[in-house]
Amino acid sequence: MRALICDRNEGIAGLRLGELPDPQPAAGELVLRVAAAGVNFYDTLIVQGKYQIKPPLPFAPGGEVAGTVAAVGEGVAGFRIGDRVCAFTSYGGDAELCRARVSQTWRLPQAVDFDSAAAGLVAYGTAWFALHDRGRLAAGETVLVLGAAGGVGLAAVQIAHAAGARVIAAASSPERLALCREAGADLGIEYSRQELKDAVKELTAGRGADVVIDVVGGAFTESALRATAWRGRLLVIGFAAGEIPRLPANLLLLKGCEASGVFWDELLRREPARAAEQVGQVLAGFADGSLRPRISARYPLSRGAEALQMLAGRKAPGKLLITPAEA
Ligand SMILES: NC(=O)c1ccc[n+]([C@@H]2O[C@H](COP(=O)([O-])OP(=O)(O)OC[C@H]3O[C@@H](n4cnc5c(N)ncnc54)[C@H](OP(=O)(O)O)[C@@H]3O)[C@@H](O)[C@H]2O)c1
């Protein structure tokens, strides 16, 4: 099969289009014919050998896919060849075929197209888990989203807006903030120019944000914690800025607030039934149009490395897709 291949953990520049053996399903697995794969920040890490999971070389990146079931492994019940599904695969999705665990594969409602599912599974799954589960978001609360124009960020803006929250988006340019407004953000902060804590306090009449979505890390995390309201919830999701922050614990005490970790992959492994219920909510949102992944570009496998480069260079608003179809 054709695949975007990582031979030596040399990063995006080392990726090439080539042939890998067709995958076979192990017990409890499916093989999917990929229609589209979403591009995620961790794809840029996994091809450098810097992600928690280090696949045996050579491998194809691509951790979230949508497509049809092409083969069913031993002991699998509930899926048939031809079923339309989406799956979290960690890697292997930037190819014509990929393996998927049954526990991390979900059937698509008829109204959900492959592109939306491939673009939205991880970002909306993570944002839903963060806001509704770890963050216990209530209507009327104020949500601050850092990195709001990225994949998880835009998903969080839409989910929070749909839940009746007041959403403050933080992004690095006016163009990116405009995108956040289209997705439902009420207010915006250009955090590359404005001091984050002061801007949030000003927009909330000194009260602060009830819930903070943090996918950026670095110095922004402490500023965001300082901008958190009494009983607020700071949700630690990722460190796109590259630096893992340390937090002064006295701020948690003074504000009576929480800092909570959000690790969606681990939710899938440890609590598959709960994860399936949340993915079901997300797919229902795609089906009724209340949630809409913003796809900014589709790349064929032959140009897949360009897609990863766009994401790594902070040039990708919303989500990018890689598709086996060349056209
Ligand atoms: N915990 C989990 O379960 C989970 C699940 C999915 C993703 N994640 C993590 O969450 C983070 C965001 O993922 P994503 O898919 O939303 O990525 P993304 O689409 O690249 O978005 C990240 C956003 O962070 C902002 N950013 C600020 N400083 C940055 C820097 N130095 N380099 C790159 N971006 C920077 C960018 O927005 P501006 O340019 O506007 O600032 C960008 O839009 C990643 O660290 C990812 O690994 C975690």
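Student: Which glycine comes just after α3, and what phi does that glycine take?

Tutor: This is a predicted model. In it, the residue to look at is glycine 164, where phi is positive, at about 85 degrees.

Student: What about α9: which glycine takes a positive phi just after that helix?

Tutor: Glycine 289 does, with a phi of about 85 degrees.

Student: Which residues of α9 are buried?

Tutor: Here a residue counts as buried when under 20% of its relative accessible area remains. In α9 the buried residues are Ala275, Gln278, Val279, Val282, Leu283, Gly285 and Phe286. Viewed down the helix axis, they fall within an arc of 150 degrees, so they line one face of α9.

Student: Which exposed residues does the face turned away from that buried side carry?

Tutor: Ala273 and Asp288 are the exposed residues there.

Student: How many residues of α3 are buried?

Tutor: Helix α3 is mostly covered, with 9 of its 12 residues buried. The buried residues begin with Val152, Gly153, Leu154, Ala155 and Ala156, and the list goes on with Val157, Gln158, Ile159 and Ala160. Their cover includes α2, β8 (142–146), β9 (166–171), α4 (174–182) and β11 (209–214).

Student: Which domains does the domain assignment give?

Tutor: It gives domain 1, made of 2–107 + 294–323, and domain 2, made of 123–263. Taken over C-alpha atoms, the centres of domain 1 and domain 2 are separated by 29 Å.

Student: How many residues of each domain are in contact, and what area is buried between them?

Tutor: On the domain 1 side 8 residues are in contact with 10 residues of domain 2. The area buried between the two domains is about 730 Å², and carbon and sulfur atoms give 53% of that area.

Student: How many salt bridges are counted between domain 1 and domain 2?

Tutor: The count is 0.

Notes
Residues numbered from 1 in each chain as written. Predicted model: local features only at pLDDT ≥ 70, side-chain atom pairs only at ≥ 80, totals over all residues. Heavy atoms only, no water. Buried < 20%, exposed > 50% of the residue type's maximum accessible area, 1.4 Å probe, protein only. Helix = DSSP H or I, 4+ residues; strand = E, 2+ residues; numbered from the N terminus. Arc of directions from axis to C-beta. Contact = heavy atoms within 4.5 Å. Domains from an automatic or database assignment. Buried area = accessible area lost by both parts, 1.4 Å probe. Salt bridge = Lys/Arg side-chain N within 4 Å of Asp/Glu carboxyl O.
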